[in-house]
Amino acid sequence: MQPEFWHERWSSHRIGFHRDAPLPLLVKHWPALDLAPTTRVFVPLSGKSLDMVWLAERGHRVLGVELSELAVRQFFDERGLVPDVHTTAAGTHHAAGPYELIVGDAFALHASVLADCAAVYDRAALIALPPDLRHTYAATAWRRLPAACRGLLVTLEYPQPQKNGPPFSVDADEVHARLDTDWRIDEIERRDILADEPGFVAEGVTALSTVVYRVERRS
Ligand SMILES: C[S@@+](CC[C@H](N)C(=O)[O-])C[C@H]1O[C@@H](n2cnc3c(N)ncnc32)[C@H](O)[C@@H]1O
């Protein structure tokens with residue numbers, strides 16, 4: 001899946017993954033992580049997610065990374081914020097208030113950029129990627145997060161042969177296979193959401209669950 005795929009999705013406004021409200025599973029499970037309010041949260045493949053706004057309203061600072069400049073501009077415009085913009089090797093940083101969003105490639109972020117992120121939130125990021133890029137993603141962005149970093153990973157599971165991704169099905173075995181070396185992983189909720197997703201039903205999908213994992217980076 002090439003960057004052009006995502007640029008085209010943003011320029012033609014085909015962003016069905018974007019939600020108009022924070023994810024209820026984030027709201028439900030984030031407090032149990034018991035993070036200090038000022039903790040900086042890494043939000044990979046951030047889009048213009050309102051989950052970042054919810055995190056900031058909890059007092060967190062947010063570091064997002066997103067390929068699409070359009071998405072990042074829309075995020076700040078929609079908040080009425082005018083970001084300071086500067087460029088580094090990581091990409092073009094847009095910063096205002098609690099938010100810093102880098103227009104760049106999540107796989108190319110150096111560990112130093114992530115060093116003060118004590119938390120991570122992955123919704124529609126791992127599952128946005130085909131298997132080869134999931135491998136790259138786990139081996140780069142996730143591996144470069146600092147020790148003791150903790151957070152939530154939200155996935156989808158469905159019979160992959162019934163539909164093409166994205167979003168892709170990423171089951172628990174794969175989550176463990178990709179992340180176990182570096183992360184402690186606990187499944188904290190598994191919910192059948194097929195009835196809430198008529199688009200999947202229309203495509204012939206017969207089973208659909210969302211799964212939330214609590215993750216913590218090993219030392
Ligand atoms: C399915 S969307 C999810 C966005 C967001 N997490 C949400 O919940 O709304 C995936 C996003 O990842 C971005 N993306 C894809 N590959 C990327 C990469 N290598 N680095 C940074 N962003 C990427 C896409 O442009 C797209 O906005």
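Which ligand atom is 2.9 Å from an N or O atom in the side chain of tryptophan 10? An oxygen atom of the ligand is. Keep in mind that this is a predicted model, in which local features need pLDDT of at least 70, side-chain atom pairs count only at pLDDT 80 or more, and totals for chains, interfaces and linings use all residues. Residues are numbered from 1 along each chain as its sequence is written, and side-chain values use heavy atoms, with hydrogens and water left out.

| Residue | Protein atom | Ligand atom | Distance |
|---|---|---|---|
| Tryptophan 10 | side-chain N or O | oxygen | 2.9 Å |
| Leucine 45 | backbone N or O | nitrogen | 2.8 Å |
| Aspartate 105 | side-chain N or O | nitrogen | 2.9 Å |

The protein buries 96% of the 590 Å² that the ligand exposes when taken alone (accessible areas by the Shrake-Rupley method with a 1.4 Å probe). Around the ligand there are 16 residues, and Trp10, Leu45, Glu66, Ala106 and Arg123 come nearest (a residue counts if one of its heavy atoms lies within 4 Å). That shell divides into nine nonpolar, four polar and three charged residues.

Arg123 also turns up elsewhere: together with Arg19, Ala21, Pro22, Ser49, Leu50 and Asp51, Arg123 lines the largest cavity. A cavity is a set of points on a 1 Å grid where a 1.4 Å probe fits but cannot get out, and lining residues have an atom within 4 Å of a point. The structure holds one cavity of 30 Å³ or more, and the volume of the largest cavity is about 30 Å³. Its lining consists of three nonpolar, one polar and three charged residues.

How values were computed: On a 1 Å grid over the protein atoms alone, a cavity is a set of points where a 1.4 Å probe fits but cannot get out, and a pocket is an open set with protein on both sides within 12 Å along at least five of seven lines; lining residues have an atom within 4 Å of a point. Grid points are joined across faces, edges and corners, and a volume is the space filled by probe spheres set on the points. Ala, Val, Leu, Ile, Met, Phe, Trp, Tyr, Cys and Pro count as nonpolar, Asp, Glu, Lys and Arg as charged, and the others, Gly among them, as polar. A polar contact is a pair of N or O atoms within 3.5 Å; within protein, one must be able to donate a hydrogen and the other to accept it, and residues adjacent in sequence count only if both atoms are side-chain atoms.
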